[in-house]
Amino acid sequence: MKKLTLILGLVFCSHILAEVELIDASVLKKRIENPDNNLILLDVRTVKEYQSGHIKDSINIPHAQLIQNINLLDQYRDQPIVVFCRSGRRAQLVIDTLIENKFNQIVDLEGDILAWKTSGFPVVQ
């Protein structure tokens with residue numbers, strides 16, 4: 001029985017991992033610079049954090065608000081959604097909620113906004 005549980009657990013976990021694309025800041029920058037990009041840049045930090053500096057053209061919906069009302073993203077259901085926060089914890093909560101609600105084009109920014117800034121990429125206020 002333990003083997004069956006383990007196998008089912010591995011199958012379930014690999015299914016979840018397959019739904020999220022992990023990219024680094026340099027890949028995201030290249031995709032943003034592509035004029036044909038249809039990325040939704042979703043910054044899930046607080047409004048105050050967002051106002052202190054954010055990626056150009058990103059939208060800000062704090063993670064707690066999104067988790068309570070994921071329907072705020074329904075209009076973006078068929079587009080790739082790049083989710084990020086300051087360091088990853090809040091973004092992961094939102095990503096889990098997106099998966100649970102059958103969003104299928106989820107992109108996780110590795111290192112989040114900290115990695116973006118560390119890479120020397122611009123932020124706007």
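## The largest pocket

In this predicted model, the largest pocket holds about 270 Å³ of space. Its lining is made up of 15 residues, and those closest to the centre of the pocket are Ile 32, Leu 41, Ile 55, Lys 56 and Asp 57. Two elements, helix 2 (25-33) and strand 2 (40-43), each give two or more residues to the lining, and helix 2 provides the largest share, with three residues. Sorted by class, the lining comprises ten nonpolar residues, four charged residues and one polar residue.

## Nonpolar cores

The largest nonpolar core contains 18 residues, and those with the most contacts inside this core are Leu 42, Val 44, Leu 66, Leu 73, Val 83 and Leu 98. Strand 2, strand 4 (81-84) and helix 5 (89-100) are the elements that contribute two or more residues to the core, with helix 5 giving the largest share, five residues. When residues up to four places away in sequence are left aside, Leu 98 touches Ile 70, Leu 73, Val 83, Phe 103 and Ile 106.

Another core, of 13 residues, lies apart from the largest one, and its members include Ile 23, Ala 25, Leu 109 and Trp 116. In soluble globular proteins, nonpolar side chains tend to be buried together.

## Confidence of the model

The protein chain has a mean pLDDT of 90, and 86% of its residues reach 70 or more. Over residues 4-8, however, the pLDDT is below 50, and the model shows zero contacts for this stretch beyond near neighbours in sequence. Residues 14-18 also stay under 50 in pLDDT, and for them the model has one contact beyond four places in sequence.

Key
Residues are numbered from 1 along each chain as its sequence is written. This is a predicted model: local features need pLDDT of at least 70, side-chain atom pairs count only at pLDDT 80 or more; totals for chains, interfaces and linings use all residues. Side-chain values use heavy atoms; hydrogens and water are left out. On a 1 Å grid over the protein atoms alone, a cavity is a set of points where a 1.4 Å probe fits but cannot get out, and a pocket is an open set with protein on both sides within 12 Å along at least five of seven lines; lining residues have an atom within 4 Å of a point. Grid points are joined across faces, edges and corners, and a volume is the space filled by probe spheres set on the points. Helices (H or I, at least four residues) and strands (E, at least two) are DSSP runs, numbered from the N terminus. Ala, Val, Leu, Ile, Met, Phe, Trp, Tyr, Cys and Pro count as nonpolar, Asp, Glu, Lys and Arg as charged, and the others, Gly among them, as polar. pLDDT is the predictor's confidence in each residue, from 0 to 100. Contact means heavy atoms within 4.5 Å. A nonpolar core is a set of buried Ala, Val, Leu, Ile, Met, Phe, Trp, Tyr and Cys residues joined through side-chain atoms within 4.5 Å. Buried means under 20% relative accessible area, exposed over 50%, partly exposed in between (1.4 Å probe, protein chains only).
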